[in-house]
Amino acid sequence: MIIVMSREATDEHIENVKRRLEKEGFSIHLSKGVARTVIGAIGDKTRIPLLALEAMPGVEKVVPILQPYKLASREFKDEPTIIKIRNVEIGGDTIHVIAGPCAVESREQLLETAHMVKEAGATLLRGGAFKPRTSPYSFQGLGEEGLKILAEAREETGLPIVTEVMDIESLPVVYEYTDVFQIGARNMQNFNLLRKVGETDKPVLLKRGPSATIEEWLLAAEYIMSSGNYQVILCERGIRTFEQFTRNTLDLSAVCAVKMLSHLPVIVDPSHGTGKWQLVSPMSRAAVAAGADGLIIEVHPNPSEALSDGPQSLTPDNFRDLMNELIQIAPVLGRKMAVDRE
Ligand code: PEP
Ligand code: MN
């Protein structure tokens, strides 16, 4: 529930409400606005009658949160959350594009791609060092070596990096290098991993599970947030349906639905969402039109030789053309593309 304190509430009033709630086992999330303080309280609301809380000095009103996810809900926080990653802000008027290969394959491949995507206007660099592959015989990623290469690319280009953390064991090493933890679709309901990234101070890009409902996805975000880390970026990456032509079915309506239900930023991954490079640009344009706060796009200097996800990777030329289209589309929607060209 949310306890809205009155404008006249003193620090002592706020403290008393907090103490009362904590005594009943609630966890408290305080948000001090310019005009008034709002106390978010998560716990068993049968422990304390709403009317009793409302009668406490300094309390203006008590509003129950009806959704099963609380901290992630619009009811809890109405204004959009903006996530800061070095010099980048995701969730405001500006749309950001995260680009790079599916996997870090070599130093040359990654550095070349990093320079090219930056040149085209990407503002963050992606690349997997620990890869969740469907087959145990497929390339599994370079591990820490891949993270070092990503860090070198960041050094050279200034682009913050986004890379996947697959398990709790590799979390400390990924933490050492990354700017944003990517939680892959297959791990969306790995609740222990969600809790652990929730205990860190780095932003988390949370992919939607291949068969997760929007509610389950937001509850996954809630795991991270309830562990103390509010910096969650949601990522729609397609869900599994009966359709076979595309790798997944990209649910662009989820972007709008999440915007209604949550204050968290939401970005779209048209690469995994479709599995086909020919569909990546049209779906990117549609994602921006649908109100996405950003895109994450796989780009490879030579897709036919990629060790993973070549068929869905854009060439640097195609990526540049797409960026030029998005730069024109965004203003029509009252937004602008962040472009950090060299
Ligand atoms: C990826 O980003 O390369 C990836 C494996 O994505 P997902 O978890 O969405 O399948
Ligand atoms: Mn991939």
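In sequence, the donor residues of the manganese ion (ligand 2) follow the spacing C-x169-H-x25-E-x10-D. Donors here are N, O and S atoms within 2.8 Å of the metal (3.2 Å for Na, K and Ca), and water is not among the atoms, so sites may look incomplete. The model is predicted: local features need pLDDT of at least 70, side-chain atom pairs count only at pLDDT 80 or more, and totals for chains, interfaces and linings use all residues. Residues are numbered from 1 along each chain as its sequence is written, chains are lettered from A and ligands numbered from 1 in the order in which they are written, and side-chain values use heavy atoms, with hydrogens and water left out.

The ion is held by C102 through SG, H272 through NE2, E298 through OE and D309 through OD, at 2.0 to 2.4 Å. E298 lies in strand β14 (residues 294-298) and D309 in the loop between β14 and α11 (316-332), so this pair ties together parts that are eleven residues apart in sequence. Helices (H or I, at least four residues) and strands (E, at least two) are DSSP runs, numbered from the N terminus. E298 is buried, with a relative accessible area of 0%; buried means under 20% relative accessible area, exposed over 50%, and partly exposed in between (1.4 Å probe, protein chains only). D309 is buried at 16%, and C102 is buried at 5%.

D309 has another feature: its phi is near 55°, a positive value in a residue other than glycine. Most residues other than glycine have a negative phi. R86, in the loop between β5 (83-85) and β6 (88-90), also has a positive phi, of about 50°. R86 is exposed, at 57% relative accessibility.

The structure holds zero disulfides, a disulfide being a pair of cysteine sulfur atoms within 2.5 Å. For C235, the closest cysteine sulfur is that of C102, 13 Å away and too far for a bond. C235 is buried, with 0% relative accessibility.

C235 is also among the contacts of L206, which, leaving aside neighbours within four places in sequence, include I183, W217 and L234. Contact means heavy atoms within 4.5 Å. L206 belongs to the largest nonpolar core, which has 72 residues; V97, L125, L234, I297 and F319 are, with L206, those with the most contacts inside it. The largest share of this core, seven residues, comes from helix α7 (residues 214-226). A nonpolar core is a set of buried Ala, Val, Leu, Ile, Met, Phe, Trp, Tyr and Cys residues joined through side-chain atoms within 4.5 Å. A second, separate core of 16 residues includes I3, A9, V17 and V62.

Turning to the strands, four of them form an open sheet in the order β2-β3-β1-β4, with antiparallel pairing. Two strands pair if DSSP finds at least two bridges between them. The edge strands, β2 (27-32) and β4 (59-63), each pair on one side only. Four bridges join β1 (residues 2-5) to β4, and M5 stands opposite V59 in β4. Helix α1 (residues 11-23) lies across β1, β2, β3 (37-42) and β4, at about 160° to β2; axes are lines fitted to C-alpha atoms, for helices over the stretch in contact, and angles run from 0 to 180 degrees between N-to-C directions.

Elsewhere, strand β9 (residues 161-164) and β10 pair in the parallel sense over three bridges, with V162 opposite V180 in β10. Strand β10 (residues 180-183) is covered on both faces: V180 and Q182 on one side and F181 and I183 on the other are all buried.
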